[in-house]
Amino acid sequence: MAGSPCQDSGTAMKAHNSMTNGCRKHGDESSSESLSLSSLSKLVLPPLGMSSCSQNPNGSRWRIFLPMDSRYRCWEAFMVALVAYSAWVYPFEIAFMHAAPKGGLFLTDNVIDAFFAADIVLTFFVAYIDSRTQVLVCDPRKIATRYLSTWFIMDLTSTLPFEGLGYLITGRVKAGVSYSLLGTLRLWRLRKVKRFFTRLEKDIRFSYFCIRCVRLLFVTFFLVHCAGCLYYLLADRYPHQGKTWIGAAVPNFREANLWMRYIASIYWSISTMTTVGYGDLHAVNTREMIFNIFYMLCNLGLTAYLIGNMTNLVVEGTRRTMEFRNSIQVASNFVCRNHLPPHLKEQILAYMCLRFKAETLNQQHLMDQLPKALCKSICQHLFLPTVKEAYLFKGVSRETLLLLVTKMKVEYIPPREDVIMQNEAPEDVYIVVSGEVEIIYSDNEMEQVVGKFSTGDIFGEFTALSERPQSFIFRTRTLSQLLKLKQSTLKEVLHAKQKDGIIIMKNFLKHQTEFKDISIDNLLGENGEFEETNKPCNLLTVAATGNSCFLDKLLKAGMDPDIGDSKGRTPLHIAASKGYEDCVLVLINHACNINIQDMDGNTPLWDAITGKHHNIFNILHRCACVSNPYTSADLLCLASKRNDLSTMRELLNHGLNIDSENHEGLTALQIASAENHEEMVTFLVMNGASIVKSNPNGSIERWMKKEILEEMIQQRDVGYPTMALEPYGAFKKTEVLREQDNSLKLEANEHRPRISVFNGHPLLRNSHSETGKLISLPSTMEELRTIIGKKFEVDARYKILTNEDAAEVDSIDVLRDNDKLFIVGEDELLKLDIKC
């Protein structure tokens, strides 16, 4: 361990168990003890960039106390009690005993003065916090210098026995006004009381309200006591006994009982301070009147101080209550203005009352402010036992449970509140901590309670794990405390923690299998049949969570990979739509049907491309083309039929042949023309769809104006072979050429091969890459490079041309109709080398 802040390491080890080895002990406590409420008030934060909050003088032989040491604080509390005694006794002795106490009172005063003398000596050995650097100073020389230059003189004069010193100097005991004035310096000790209360107000172990009230009462009673003593002193020192405030009411008051005189003085002081003034005790002579004037002026400030502090305490305590009342009034006005039924009014008001109580606790707000490690520990203590009892998480590792628990939020739900509606797909999973939740089936406005959940039960997990809406209403029966977990969070954990994900899925499937209750009907589908060897939703559920390991185990156990739900969606549909590539590969390895369609006519390929899961689409497309040569055409025709321009664009970006024919011999352009999808026809024509192949009977011309079609043809790229409409509707092969004067003309020629040119290496291109260009194949490589340079605005002379397999193309003779050509730069080759 590092050296002591106040001593060298050797001295510190010897004095480890001593209270007076303060700085060393403080360092040990800070490092070895956990932070508690008692130690929190003793904590000294080190300045930024410093590892210690103390200054350590080397070779110091003095023992230093820490101001935050528990035993020194007990000493301070004891001294505060002595100060309170002195503050009450000394004004009393001056007024009622002529500053000459006798007997036990005299002895007690001297003993207390001895304690204050000891406190002065002790202060030379108490460390202090530098107000400028906030460093705990433990150097005895600095401590002594600071004390001598600040409060030492006042502390000394407030402790010296001036009567005793007078006796030593003059040889006789004498009590007079001068000694009384010097004795008032004892009131300097009251600063210890102020410092004591200030520290208690910041100590969270004590009620701030109670400490503040005690402080205000102490100030009030002290001023009342001092004013009463001083007012009696004026009457006692006045030469004419009968012409005083007390002499007018009590003749020969000096011979009256001591406590009767003291109570009369306090009675006058309180009645004057509170401005009651009954008139039974009043000023008689000029001195008393002058004193009353100043006393009442002081009372104005004291009254303002008391009222201000009490108002602050009361307002702070009722502020949130007033806000709550105002919100209730606003809610009531809203209900009346909109003529809502009584049950809705009750639910609204119940929710607002519960929210007010929850905000008063301020629990979740506090949890959000805490560090993750501390929040994790709190959640572990509060919620982990309840979460472990939920059937879904039995057998799950502690690490995963803690990860789930820290993501949960607490909600208080009032009675008769619908947590999940029927046919709703909720976004959260709920665990019941306290209260009861009813399971209600609603049919034609008739509701039937079919079950209930209590502490430790979980609901909402069915939608999260089976991708189906809830068929029941979940409504609180009593005031319920629920743990809420986002479904997305649960799925992320299942996907990240494969082993625990398998356990959770097994618990879920086992629960649905063993308890053929309200949930199992949904799990089995519409027919309501259950076969042990062919569980319809098992694979669907696992595929929906993305757990490829568990999915592989179920398939190896002999389950059908092509089982579908009530909508015909197979596990491959679900995995492709959600982007679970690992699950897709597992299903393909187990020979699932890639071209299977659901009830809406969608294939897994369609779900992948509409979900923009391009890697999955490429995998499925390659596999599908092996068994079905019409795969590309079917996708293009489906997008054309549905007039889905976005999906059509994505398909063309993947390089699908725009003129490919489906099993009926139809192209995408023909489908769009038959469906009268003008936007799709325009898109396909502008992207190079063949009009000759797709419009043999002039079907496009029948509903699209010839001028519009001619304009589209003229806007095609340079060198692109098109068909221009002839006067009688017959087509003839033409090519758009650009003359020297930049005018366009259509020139008849023989059909030449066409190739698609793409900018970028074939292995580096993705869905965001630049769209390719369809051009007519020229006769030489030089012409080809010139056309490419114009089309892509690049210097094609220094580019490498490759085919789909990244093989370099250096001759025009190896290119054929519908081939694909890629423009590759040296920087792309470098990226490819780094990637490999």
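# Briefing: helices, loops and buried residues

Helix α26 (residues 581–589) packs against α28 at an angle of about 15°, and their axes are 10 Å apart. This is a predicted model. The protein has 37 helices and 18 strands. Of its 836 residues, 44% count as buried. Among contacts with a separation of 6 or more, 66% join residues 24 or more positions apart.

**The pair α26 and α28**

- Two packed helices are described by the angle between their axes and the distance between the axes.
- Angles under 35 degrees count as roughly parallel, and α26 and α28 are therefore roughly parallel to each other.
- The crossing of α26 and α28 is left-handed.
- On the α26 side, the residues that meet α28 are Glu581, Val584, Leu585 and Ile588.
- Their partners in α28 are Asn615, Ile616, Ile619, Leu620 and Cys623.

**Histidine 621, a residue of α28**

- Helix α28 covers residues 614–627, and histidine 621 lies in this helix.
- Is histidine 621 buried or exposed? Its relative accessibility is 16%, so histidine 621 counts as buried; the cut-off for buried is under 20%.
- Which residues does histidine 621 touch, not counting those up to four places away in sequence? They are Leu605, Thr631, Ser632 and Leu656.

**Asparagine 602, a loop residue**

- Asparagine 602 sits in the loop between α26 and α27 (604–610).
- Asparagine 602 has a relative accessible area of 12%, so this residue is buried.
- The side chain of asparagine 602 makes a polar contact of 2.6 Å with the side chain of arginine 642.
- Setting aside neighbours within four places in sequence, asparagine 602 is in contact with His573, Ile596, Gln597, Asp607 and Arg642.

- Helix α4 runs over residues 70–96, which makes 27 residues.
- Aspartate 69 caps the N-terminal end of α4. One of its side-chain oxygens lies 2.9 Å from the backbone nitrogen of arginine 71.
- Just after α4 comes histidine 98, with a positive phi of about 55°.

**Positive phi in two other loops**

- Asparagine 252 lies in the loop between α11 (208–237) and α12 (258–273).
- Phi of asparagine 252 is near 55°, a positive value in a residue other than glycine.
- Asparagine 252 has a relative accessible area of 48%, so this residue is partly exposed.
- Histidine 339 lies in the loop between α13 (286–337) and α14 (342–361).
- Histidine 339 also has a phi near 55°, and it too is a residue other than glycine.
- Is histidine 339 buried or exposed? With a relative accessibility of 70%, histidine 339 counts as exposed, because the cut-off for exposed is over 50%.

**Helix α32 and the glycine after it**

- Which residues are buried in helix α32 (residues 678–686)? They are Met680, Val681, Phe683, Leu684 and Val685.
- Just after α32, glycine 688 takes a positive phi of about 100°.

Definitions and conventions: Residues numbered from 1 in each chain as written. Predicted model: local features only at pLDDT ≥ 70, side-chain atom pairs only at ≥ 80, totals over all residues. Heavy atoms only, no water. Helix = DSSP H or I, 4+ residues; strand = E, 2+ residues; numbered from the N terminus. Expected span 1.5 Å × (residues − 1). Polar contact = N/O pair within 3.5 Å; in protein donor to acceptor, adjacent residues only side chain to side chain. Buried < 20%, exposed > 50% of the residue type's maximum accessible area, 1.4 Å probe, protein only. Contact = heavy atoms within 4.5 Å. Axes fitted to C-alpha atoms, helices over the stretch in contact; angles between N-to-C directions. Parallel < 35°, antiparallel > 145°, perpendicular 65-115°, else oblique. Left-handed = near helix turned anticlockwise from the far one by under 90°.
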